[in-house]
Amino acid sequence: MITRLEDYKKRQQDAAAVSEEDGELNPDFISDSNLVLQFKITLRQFKPPVWRRVQVPANWTFSGLHAVIQACFEWDNGHLHNFRFGRDLLVEMKQSIEQYGFYGSSREVVDEESTSLTNVFTEYAKGIYTY
């Protein structure tokens, strides 16, 4: 799961409060580059459980998280992959979107190279990575 996301939201609120007191908005007060997201990645269908805990900068995209997952499990990036969030959101490889289109899908389909982790994980607490 993610740690420090609540701290991030609190820091945003505090920054807004400070800006209001000072009478100006200061968008640089909080930087996503200072925020780290921590994930526990558990492989399904393994007994005993096989898992890794990783930390990545919150301003990274899903393509960066994919690369970290590949490295920490010593996989060779030889398959298609995606990230699913409930029934609402699918984060896909750009090639898959171009090839398959996902037209008529009830899910929103977004490109992993341009979708930031912070944008998704402020709304969703967990997701599924399929490789």
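Just after helix α2, E74 takes a positive phi of about 55°. Helices (H or I, at least four residues) and strands (E, at least two) are DSSP runs, numbered from the N terminus. This is a predicted model: local features need pLDDT of at least 70, side-chain atom pairs count only at pLDDT 80 or more, and totals for chains, interfaces and linings use all residues. Residues are numbered from 1 along each chain as its sequence is written, and side-chain values use heavy atoms, with hydrogens and water left out.

**Overall make-up**

- The protein has 4 helices and 6 strands.
- Along the sequence, they follow the pattern α-β-β-α-β-β-α-β-α-β.
- Of the 131 residues in the protein, 34% are buried. Buried means under 20% relative accessible area, exposed means over 50%, and partly exposed lies in between (1.4 Å probe, protein chains only).
- Among contacts with a separation of 6 or more, 49% join residues 24 or more positions apart. A contact means heavy atoms within 4.5 Å.

**The four-stranded sheet**

- An open sheet is formed by 4 strands in the order β5-β4-β3-β6, with mixed pairing. Two strands pair if DSSP finds at least two bridges between them.
- Strands of a sheet pair through backbone hydrogen bonds, either parallel or antiparallel.
- β5 (108-111) and β6 (128-130) are the edge strands, and each pairs on one side only.
- From one strand to the next, the twist averages 20°. Axes are lines fitted to C-alpha atoms, for helices over the stretch in contact, and angles run from 0 to 180 degrees between N-to-C directions.
- β3 (residues 82-85) pairs with β4 (residues 89-92) in the antiparallel sense, over 4 bridges.
- β3 also pairs with β6 in the antiparallel sense, over 3 bridges.
- N82 has bridge partners in both neighbours: E92 in β4 and T130 in β6.
- R84 has L90 as its bridge partner in β4.
- β3 and β4 form a hairpin with 3 residues between them. In the turn, G86 has a positive phi of about 55°.

**Helix α2 on the sheet**

- Helix α2 (residues 62-72) packs on the sheet and touches β3, β4 and β6. The direction of α2 makes about 115° with that of β3.
- The buried residues of α2 are F62, G64, L65, H66, I69 and Q70.
- These buried residues pack against β1, β2 (50-57), β3, β4, α4 and β6.

- E92 is found in strand β4. E92 is buried, because its relative accessible area is 5%.
- The side chain of E92 makes a polar contact of 3.0 Å with the side chain of N82. A polar contact is a pair of N or O atoms within 3.5 Å; within protein, one must be able to donate a hydrogen and the other to accept it, and residues adjacent in sequence count only if both atoms are side-chain atoms.
- The side chains of E92 and S96 are joined by a polar contact of 3.5 Å.
- S96 lies in helix α3 (residues 94-100). S96 counts as buried, because its relative accessibility is 3%.
- S96 and L80 are 16 residues apart in sequence, with 8.0 Å between their C-alpha atoms.

**F121 in helix α4**

- F121 is found in helix α4 (residues 117-121). With a relative accessibility of 6%, F121 counts as buried.
- F121 and L37 are 84 residues apart in sequence, yet 9.2 Å apart in space, C-alpha to C-alpha.

**The largest pocket**

- The largest pocket holds about 800 Å³ of space. On a 1 Å grid over the protein atoms alone, a cavity is a set of points where a 1.4 Å probe fits but cannot get out, and a pocket is an open set with protein on both sides within 12 Å along at least five of seven lines; lining residues have an atom within 4 Å of a point. Grid points are joined across faces, edges and corners, and a volume is the space filled by probe spheres set on the points.
- The lining of the largest pocket has 25 residues, of which I41, T42, G127, I128 and Y129 are closest to its centre.
- The elements that give two or more residues to this lining are β1 (36-43), α2, β3 and β6.
- β1 provides the largest share, 5 residues.
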